[in-house]
Amino acid sequence: VIDLDYFAPSPAYWTQSSRLVDKGEGCTASYVFFGCEVSGTVKLDGLEYKVEGIGSHEHSWSPGILKLLIKGWDWCHMTLDNGWNIYYSKYYLSRQIVSTGTSKVNPISRLIITTDQGETLTTLENIDITIKESDKLFLLLEMPTELGIVAKPKTINQPLLKSLDIYLNIDIVADNTYEKTWKFPTYIGMKVGLNTVSGKIKWSDDGGDHEIELNGSGTIWHMRRF
């Protein structure tokens with residue numbers, strides 16, 4: 001029995017919506033809360049434990065036809081040792097039948113960094129993901145176990161961030177996960193659980209060049225559909 005209370009210190013961030021205003025009224029939309037303060041109890045095998053920590057909350061919705069078009073997603077929320085949070089999500093519109101690599105076209109993807117639990121956010125829109133390791137799911141489908149992500153600002157629509165020359169390079173490795181598959185007739189597989197993250201971020205400003213090592217852990221949620 002899991003009984004948790006979430007407190008979000010900052011408003012939700014809308015990662016996408018089919019409406020420019022009143023985004024919650026969009027037929028397709030997604031939002032996420034960062035740096036939630038989580039506390040409560042977990043009862044396991046008759047023993048009750050008090051728990052607390054940092055979490056996130058995401059909510060997405062779309063019409064049924066779009067759900068059929070989506071062939072998978074990679075979702076990850078990371079809490080770093082220095083207190084930063086990184087959120088990453090990518091939706092795939094084509095079947096992921098290759099064990100390594102991915103399409104260079106990322107039509108629905110986000111990478112967001114917050115250093116203060118969501119008060120200020122930095123979104124990097126030039127994202128390149130590499131599936132470094134994966135496990136066989138069924139048929140030709142592969143489930144990633146290690147991802148490499150390189151993210152930078154886009155030149156065209158993020159000129160201010162581009163001037164800072166921000167460069168993020170991280171590895172995300174699955175650690176202690178649970179898998180569930182549904183075969184005929186849907187052929188869907190999911191993996192949820194913990195991950196470890198390591199890498200670095202670099203940027204330049206009036207104070208000179210900066211480079212910070214990043215380490216931490218978080219949660220992952222992968223889905224693949226044949």
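Modeller: Strands here are DSSP runs of E with at least two residues, and helices are runs of H or I with at least four, both numbered from the N terminus. Two strands pair if DSSP finds at least two bridges between them. The model is predicted, so local features need pLDDT of at least 70 and side-chain atom pairs pLDDT 80 or more, while totals for chains, interfaces and linings use all residues. Residues are numbered from 1 along each chain as its sequence is written, and side-chain values use heavy atoms, with hydrogens and water left out.

Biologist: In which sense do S11 and S12 pair, and over how many bridges?

Modeller: Strand S11 covers residues 167-182 and strand S12 residues 188-205; they are antiparallel, with 15 bridges. Tyr 178, for instance, has Val 192 in S12 as its bridge partner.

Biologist: Which residue in the hairpin of S11 and S12 takes a positive phi?

Modeller: Tyr 187, with phi near 50°; this hairpin has five residues between the strands.

Biologist: How many residues lie between S12 and S13 in their hairpin?

Modeller: Two. S13 spans residues 208-225 and runs antiparallel to S12, joined by 18 bridges. Lys 202 has its bridge partner, Glu 211, in S13.

Biologist: Where do side chains point along a regular strand?

Modeller: They alternate between the two faces of the sheet.

Biologist: How many aromatic pairs does the structure hold?

Modeller: First the criterion: rings of Phe, Tyr and Trp (its six-membered ring) pair if their centres lie within 6.5 Å, and planes under 30 degrees apart count as stacked, over 60 as edge-to-face and the rest as tilted. The structure holds eight such pairs. One of them is edge-to-face because the rings of Tyr 31 and Trp 61 have centres 6.3 Å apart and planes at 70°. Tyr 31 lies in strand S3 (residues 29-44) and Trp 61 in strand S4 (residues 47-61), so the pair ties together parts 30 residues apart in sequence.

Biologist: Is Tyr 31 buried or exposed?

Modeller: Buried means under 20% relative accessible area, exposed over 50%, and partly exposed in between, with a 1.4 Å probe and protein chains only. Tyr 31 has 16% relative accessibility and counts as buried, whereas Trp 61, at 25%, counts as partly exposed.

Trp 75 and Tyr 87 form another edge-to-face pair, 6.4 Å centre to centre with 75° between the planes. Trp 75 is in strand S5 (residues 72-80) and Tyr 87 in strand S6 (residues 85-92), so this pair ties together parts twelve residues apart in sequence. Both Trp 75 and Tyr 87 are buried.

Biologist: Which residues form one aromatic cluster?

Modeller: Trp 14, Tyr 31, Phe 33 and Trp 61.
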